[in-house]
Amino acid sequence: MSSETEILKSLFEAAVAAADPQRCLPPFLDRVFATPVAGRVVVLGAGKASGAMAKAVEDYMSAKQPDRAYSGLVVTRYEHALPCRHIEIVEAAHPVPDESGRAAAMRILEMAEGLGPDDLALCLISGGGSALLTAPAAGLDFEEKQALNGALLKSGATIHEMNCVRKHLSAIKGGRLAAAAAPARLVTLAISDVPGDDLDVIASGPTVPDPTTLADAVAIIEKYGIEVPAKVRALLDDPENETPKAGDPAFERTETHLVAAPQRSLEAAAEVALAAGVTPLVLGDAIEGESREVAKMHAAIAAQVARHGQPLGAPAVLLSGGETTVTVRGSGRGGRNAEFLLSLLVTLQERMTDCRERISAIACDTDGIDGTEDNAGCVMTGEIHARLAGGLDDPKPYLANNDGYSFFDKASGLVKTGPTLTNVNDFRAILIR
């Protein structure tokens, strides 16, 4: 086999490449334009991948629809834009919204409201759209929305729970963009970054029916003990603020296509592993839970492979995706992938002394940014255990302080890719030699 690090990084690169908009959008655009458009074509969107998706649309139109006039606006994260001629790209803050995102969301809403029955709204949606497409509900201050978003991020709430609350405090999420665009034909192309690929959760589902309720949002806030201003509670208690549901006329002329998803990326990584002579086992594409606890489960399965050849023999690699959470109790640096890998290391150190040197791993966010840091994630080889015995800092205090970034920085284990311009959530690979 090649080096552990080379194999692990090649698996991550394959997962990211499988979700490249230039690769996955064109077949769906063929379907979209198979139906003639009598009126205007307006491209709208939001998310970490929306800039790259817009560029893929422009390249497609140049090659396949050169005489078609179109325009549009998408909002993406800072440093995620690509040069486009017809579609305006606005950059904004993520994960806590800023004024740039709010202004772009309001413009997108206005553009949708101006469409007629002969027009086509092509919506490009990807992970990160919840924070980027921020248009507070009437009567809610933008600063209050920012504060609540920050509190949700630190609470340990799942992405499904966070987006439920966001939808019910928004003028554009939870199907409200579709309501604004009616009666135009609306086609959504989505890249999934959520466990289960729930269309109503990706970017808080601006173009699809919302199955959650105001009561669900209130229950989530109470579950995590989040203090909210009186304005927020009043909005959540007002039945007039409920989101549109299935069967609403707003969705009569809508269709949604999932163009990239975590499972497809895991399958791409599995193919690369097989080519390298390593047997892959996909544990799941929708794994959730506290990062450090999920890591313990992964460590136990890796040890079973190393010790007993079950459920498969080495060399093998365990692949998984999804979105874990971190309940922040310390003051350290790092996202959920650094937290996962640090917990994996601590578990191997404490409980798998007989086989830990045969186990290595990578944990990265496919968007290239783990949390709010400058790394995609981290990589850990079996050699690190010898380095710990030779003077490398004890990882346990770092884990207690939610400081995975600092530990792996010292251990030369940070993985830095820069923005990948796509997003199918977390990618984890554990290699057993």
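# Faces, rings and cores in a predicted model

Analyst: The buried residues of helix H10 (residues 214-223) pack against helix H8 (159-167) and helix H11 (230-236). The model is predicted, so local features need pLDDT of at least 70 and side-chain atom pairs pLDDT 80 or more, while totals for chains, interfaces and linings use all residues. Residues are numbered from 1 along each chain as its sequence is written, and side-chain values use heavy atoms, with hydrogens and water left out.

User: What makes H10 a helix, and which of its residues are buried?

Analyst: Helices are DSSP runs of H or I with at least four residues, strands are runs of E with at least two, and both are numbered from the N terminus. H10 spans residues 214-223. Its buried residues are Leu214, Ala217, Val218, Ile220 and Ile221. Buried means under 20% relative accessible area, exposed over 50%, and partly exposed in between (1.4 Å probe, protein chains only).

User: Why are these residues said to line one face of H10?

Analyst: Seen down the axis of H10, the buried residues fall within an arc of 160°, so they line one face. The arc is taken from the directions from the helix axis to the C-beta atoms. On the other side of H10, Ala215 and Lys223 are exposed. Just after H10, Gly225 takes a positive phi of about 60°.

User: What is Leu236 in contact with, beyond its neighbours in sequence?

Analyst: Contact means heavy atoms within 4.5 Å. With neighbours within four places in sequence left aside, Leu236 is in contact with His168, Leu169, Leu214, Ala217, Val218 and Ile221. Leu214, Ala217, Val218 and Ile221 are among the buried residues of H10.

User: What makes a set of residues a nonpolar core, and how many residues has the largest one?

Analyst: A nonpolar core consists of buried Ala, Val, Leu, Ile, Met, Phe, Trp, Tyr and Cys residues joined through side-chain atoms within 4.5 Å. The largest core has 53 residues. Those with the most contacts inside it are Val75, Ile108, Val165, Leu169, Ile172 and Leu236. Apart from it lies another core, of 38 residues, among them Ala306, Phe340, Leu392 and Leu414.

User: How many aromatic pairs are there, and why is that of Phe33 and Tyr60 called stacked?

Analyst: The structure holds four aromatic pairs. Rings of Phe, Tyr and Trp (its six-membered ring) pair if their centres lie within 6.5 Å; planes under 30 degrees apart count as stacked, over 60 as edge-to-face and the rest as tilted. Phe33 and Tyr60 stand at 6.2 Å centre to centre with 25° between the planes, so the pair passes the distance limit and is stacked. Phe33 lies in the loop between helix H3 (26-32) and strand S1 (41-46), and Tyr60 in helix H4 (residues 50-64), so the pair ties together parts that are 27 residues apart in sequence. Phe33, at 13% relative accessible area, counts as buried, and so does Tyr60, at 8%.

User: What is the geometry of the Phe407 and Phe408 rings?

Analyst: Their centres are 5.2 Å apart and their planes stand at 90°, so the pair is edge-to-face. Phe407 and Phe408 are both buried. Together with Tyr398 they form one aromatic cluster.

User: How do you know that the charged end of Arg333 sits over the ring of Tyr405?

Analyst: The criterion is NZ of Lys or CZ of Arg within 6 Å of the ring centre and within 35 degrees of the ring normal. The charged end of Arg333 is 4.1 Å from the centre of the Tyr405 ring. Arg428 lies over the face of Phe340, at 5.4 Å from the ring centre. Both distances fall within the limit, so both are listed as charges over rings.
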